Amino acid sequence: MPDQPRVHTIHVAKARRLPTRVVEQVEAEEGKGLVGDRYHGSKHRHVTIQTLTDLADASADLGQEIDPGLTRRNVTLTHGDLPTKPGTFLRIGDVELQVLRIAAPCRLLDDWIAPGAMRAMHARGGVVCRLLSSGTIRAGDVVVWDDPTDAQGTSR
């Protein structure tokens, strides 16, 4: 079995324009979101996930490193080709999630990171997921999903 992706960092923000903060763990509430995050209680946008692999590619295009916290995604994985097909199931530790859609990069990335950051993050912004179970998500948790070829329809 190949090296499984793990949770590299977890970020939450209490409000829309407040900076994200790194936490070692976060409580995930089924149907509600991450406790302490701005989207907690929203109907669908419970967790956003990205990978260091995509951030490295975007950083190379931009010509400078992109800090995972500045993208405003909740969970950054060590590596992997995230499934982007809606309906695909993921598991982070004991917490079950379902992909809803691709996460579009925020238009404010050019202000927060550097001009061109939004363009560099295009098709690398991760995914938006719904929480199907409650539990604790921790830095270092193993993350699993279906084969990316099956989940996306084509290999990346």
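Where does arginine 124 lie? Arginine 124 sits in the loop that links helix H3 (117–121) with strand S9 (127–131). Helices (H or I, at least four residues) and strands (E, at least two) are DSSP runs, numbered from the N terminus.

This is a predicted model: local features need pLDDT of at least 70, side-chain atom pairs count only at pLDDT 80 or more, and totals for chains, interfaces and linings use all residues. Residues are numbered from 1 along each chain as its sequence is written, and side-chain values use heavy atoms, with hydrogens and water left out.

**Arginine 124**

Arginine 124 is buried, at a relative accessible area of 18%. Buried means under 20%, exposed over 50%, partly exposed in between (1.4 Å probe, protein chains only). Its contacts (heavy atoms within 4.5 Å) include Asp54, Asp57 and Ala58, leaving aside residues up to four places away in sequence.

**Strand pairs**

Two strands pair if DSSP finds at least two bridges between them.

| Strands | Sense | Bridges |
|---|---|---|
| S7 (residues 89–92) and S8 (residues 95–102) | antiparallel | four bridges |
| S8 and S9 | antiparallel | five bridges |

Isoleucine 92 stands opposite valine 95 in S8. The S7 and S8 hairpin has two residues between its strands, and glycine 93 there takes a positive phi near 60°. Isoleucine 102 has valine 127 in S9 as its bridge partner.
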